[in-house]
Amino acid sequence: MDQGVAALVAGIVGMAGALGGAAAGGYAAVRGARIAAESTAAATRRQVQEQAAAEHAHWLTDLRREKYSTLVRTSGNFVVHIVPLITFGQRRDDPDSPLNDACGAYRDQLHEARFLADRALQAAIDDAMELVGNVEHEPYDSETERVAYRHRLVAQAIECGRAIEDAARAELGLPARERPSA
């Protein structure tokens, strides 16, 4: 029986070794699958985050283009509106005047765009905001001073509109506006 017991022990040891090897192989396979799944999940997370960031950047660029385009148009409209409406009596006597409405609409557009703008465009917007405040005031008593002031305001409004357009184009990476040749 010694040979039988030895063969049995050898069989059990062999079987234990085989089971141990199978268990180790199974563990390695499970661990490898887990590592692969974790790596795939991490890569998928990074890809989703990168895609979300790219989509957000694209959305923000589109929003800026739309808002800045509206602001440039509003700046031009503001100049057109203030030229015939820039009488001081109208501002002083009627807070619901078309001039005050034009100032309010322009101010609203400036505030909305400033939230999205870079520093250069914010500076141009700040200048336009100051202009709007000046349009709404009556600083002079003599008609000569009033007329000169009106002319300065219109010239400033034109310059503010140009500065806003130039800064918006630069921020969006668009080519500079073509200047008419003198």
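Biologist: How do H4 and H5 run relative to each other, roughly parallel or roughly antiparallel?
Modeller: H4 and H5 are roughly antiparallel (an angle over 145 degrees; under 35 would be roughly parallel, 65 to 115 roughly perpendicular and the rest oblique). This is a predicted model, where local features need pLDDT of at least 70, side-chain atom pairs count only at pLDDT 80 or more, and totals for chains, interfaces and linings use all residues. Residues are numbered from 1 along each chain as its sequence is written, and side-chain values use heavy atoms, with hydrogens and water left out.

Biologist: At what angle do the axes of H4 and H5 cross?
Modeller: Roughly 160°, with the axes of H4 (residues 119–135) and H5 (residues 143–172) coming within 9 Å. Axes are lines fitted to C-alpha atoms, for helices over the stretch in contact, and angles run from 0 to 180 degrees between N-to-C directions. Helices are DSSP runs of H or I with at least four residues, numbered from the N terminus.

Biologist: Which residues make the contact?
Modeller: Among them are Ala124, Ala128 and Leu131 of H4, and Leu153, Ala157 and Ile164 of H5; contact means heavy atoms within 4.5 Å. By class, the contact of H4 with H5 has 15 nonpolar, two polar and two charged residues. Ala, Val, Leu, Ile, Met, Phe, Trp, Tyr, Cys and Pro count as nonpolar, Asp, Glu, Lys and Arg as charged, and the others, Gly among them, as polar.

Biologist: How many residues does H5 have, and what follows H5?
Modeller: H5 has 30 residues and reaches 43 Å from its first C-alpha to its last, close to the 44 Å expected, taking 1.5 Å times one less than the number of residues. Gly173 follows H5, with a positive phi near 75°.

Biologist: And what about H3 against H4?
Modeller: The axes of H3 (residues 98–116) and H4 come within 10 Å and cross at roughly 160°. H3 is therefore roughly antiparallel to H4. The contact includes Tyr106 and Leu110 of H3, and Met129 and Val132 of H4. By class, it has ten nonpolar, two polar and three charged residues.

Biologist: Switching topic, how many salt bridges are there?
Modeller: A search of the whole structure finds ten, counting a side-chain nitrogen of Lys or Arg within 4 Å of a carboxyl oxygen of Asp or Glu. One of them joins Asp62 and Arg65, with the closest N and O atoms 3.8 Å apart.

Terms used. Helix = DSSP H or I, 4+ residues; strand = E, 2+ residues; numbered from the N terminus.
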